Every structure is written in C-alpha cells, then in structure tokens.
Amino acid sequence: MRLITRNHGPHASRTARDFLAIEGLPLPELRGLLDSAERLLPAAVGDAQADQRLRGKVVANIFFEDSTRTRVSFEVAAKRLGAEVVNLGASGSSASKGESLVDTARNIEAMGVDAIVVRTSISGGAQLVSQFVECPVINAGDGRHEHPTQALLDMLSLRLRLGDLANKRIAIVGDIANSRVARSATHAAVALGAEVIVVGPPSLVPQGFESITRGAGKITITHDLDSILGEIDAIMMLRIQLERAAGNGIASDYRTGYGLTALRRSRLRPGALIMHPGPVNRGVEIDDAVADDSADSVILAQVSCGVAARMAVLLRAIAH
Ligand code: CP
C-alpha cells in the first residue's frame, strides 16, 4: 500500500522522470523524446491504436493558469495511453481560499496519483512542487521560466517538415522577455544545432539573451524583422503577454514593426514554416491569411504534435 507519510519540508532526491525544463536536458534524452513522440503521432491523432501502457495510472492536471491546448492535450495524451485524468484549476479549487500550490500538490499526491502536471504563474513553480512530492512532476508552463513540452512539440513540428534541424534558421518574434515558449524553444533548437534569430522591440528582448544557452547551434538578436525574412527556414510568432504586463510601453502600432502581415509573408523563402504556440491574437502579431495559410502555416499541426509530445513525456514519467 502506498501511503504518503512525510508531512513537511522539501527533499533533495528527485525522480529522473520529472520533466521540468529543456535547459540541462541531455541531448540524447531530447532526441529520444522527439523520436518517441514521432512514433506516437499516429496514435496521438487517432489514426492508430495507442498501446495502453498507462492503464490503471492516474494523471493529475493542476492548472493554476488558464490553458486550452496544454491542458486538453495532456488529457488527450493520457487517455490515448489508457490513463485516467483528474483536472484541477485555481477557480473551483481550494486555491481560491488561499491554499498554496505546494499544499495543493501534496494533497493531490496523497490521493495516490501517479504523476502531477502543473501550470503556474510562478517561475520555478514546477520545480518547487517537485521538491515536495515524490511522484513525477511535469512542467506545463511556469511563469516566464519554461514550457518544455511546448518546445518538444515545436521541435517535432519543425523536424517533420525540415528534417534535421542542424544549421536551420528559426526566427522567434515578439515578446521574448515574458515568453517561456521562447526560452524553451531556444534551449531545444540550439541543442539540436539550429540558429535561433530572436526578433523584437528592444523593450521585449532581454539583455544577454544570446547567451542563455550553449549547444551546437547559436542565438542571434535583431530588432529589424524585415531584414531577416528572406533568410529563415521557419518563423515563430509570439503573443504579447498582457497578463505579465508586457503591454506597458509597447507601441500601439506593434503590428507595423513586428506583425507577420501578408506583405511580410510574401518575402519569406518558399516553404518557410509559419508557427505560433497559441493563443493567437489575430491582426496583432499575425494576420488571418498568414495564420490560416494552408501551405506553410503549421499552427494546427503544432497542436497535433503536442498530443504526441505529451504522450512521450507521460510514458517517460510513469510507464514502468
Ligand atoms: N501554447 C500554449 O501553452 O497554449 P495554452 O496556454 O492554451 O495551453
């Protein structure tokens, strides 16, 4: 019988089955997760029967920040593998009465769940939870820090269309300062040998971002989107993170300088991929016709890849 008896205090020893960040993830593990996700893709989208390796397991989604894609795709991923899922949000839970994220996670773990998926506005919040529970913890986005499963789905989406990412040039455009998506994608892409070109207004590109990670690839920074359009293999547009006060100081004509308009889209190389993690603010960072471009927009393919990526991460966490 599995009873939680430890009542207080963080602990140092962690399971290798946590998935908290791309930073520091060994390259073979990153490649292995991408290979696993690619194999799982037919089952992820319902074209093939997934194995039921997680039958009898229970996955708890604790989402203390809003989400559509990540929460639902973790749920779909778990169910495709035969697991049961419980969902908890800040609204409707005792978080609204002041219960902390850590106390919430410890109580959910005491019910015998096999893994906790956590989204929080606290940068480092997933790692904090992992220090107080013994079951595997998966980071579904923690503040401005990381969104590691988003990076997996982004790299899978790129790899499916571009092949090996070594020496590919990927632009990430917009609110870099507040974006956990940008951080995780940059760590992953540079590890895989790509060049990441970070683009945004000076107020939204943190100083020193070009040295946040090391790997076979590299990071360059520019504030001039138009200057790089003809040189890139993919462009990932980011939403301004208004919930993190990123709107302060942003020009009202942001689209003029940094929006992916139809004119800018026409200056991309043929076949350059158009990406966005969602949610999309149409008419701000990307125009309708570009987001919905049937040839080169992979925005919805990214969402499909997200189910496969989360299946791979759940298997790594709890299949044994
Ligand atoms: N990309 C992403 O994290 O979307 P959600 O906030 O809807 O989960």
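The expected span of a helix is 1.5 Å times one less than its number of residues. In this predicted model, helix α2 covers residues 69–80. Its twelve residues reach 16 Å from the first C-alpha to the last, close to the 16 Å expected.

Helix α2 contributes the buried residues T70, S73, F74, E75, A77 and A78. An α-helix has 3.6 residues a turn, so residues three or four places apart point the same way.

The loop between α2 and β2 contains L81. L81 has 0% relative accessibility and therefore counts as buried, the cut-off being under 20%. Leaving aside residues up to four places away in sequence, L81 touches D51, Q52, R53, L54, R55, M311 and L315. A319 is 238 residues from L81 in sequence, yet their C-alpha atoms are 9.8 Å apart. G82, which follows α2, has a positive phi near 90 degrees.

Helices α5 (residues 148–162) and α10 (residues 299–318) pack against each other. Their axes lie 8 Å apart, at an angle of about 120 degrees. The angle makes α5 oblique to α10. The crossing of the two helices is right-handed. On the α5 side, the contact is made by T149, Q150, L152, L153, D154, L156, S157 and L160. On the α10 side, A301, Q302, C305, G306, A308, A309, R310 and V313 take part. By class, this contact has nine nonpolar, five polar and two charged residues.

Definitions and conventions:
Residues are numbered from 1 along each chain as its sequence is written. This is a predicted model: local features need pLDDT of at least 70, side-chain atom pairs count only at pLDDT 80 or more; totals for chains, interfaces and linings use all residues. Side-chain values use heavy atoms; hydrogens and water are left out. Axes are lines fitted to C-alpha atoms, for helices over the stretch in contact, and angles run from 0 to 180 degrees between N-to-C directions. Helices (H or I, at least four residues) and strands (E, at least two) are DSSP runs, numbered from the N terminus. Angles under 35 degrees count as roughly parallel, over 145 as roughly antiparallel, 65 to 115 as roughly perpendicular and the rest as oblique. A crossing is left-handed if the near helix is turned anticlockwise from the far one by less than a right angle, and right-handed if clockwise. Contact means heavy atoms within 4.5 Å. Ala, Val, Leu, Ile, Met, Phe, Trp, Tyr, Cys and Pro count as nonpolar, Asp, Glu, Lys and Arg as charged, and the others, Gly among them, as polar. Buried means under 20% relative accessible area, exposed over 50%, partly exposed in between (1.4 Å probe, protein chains only).
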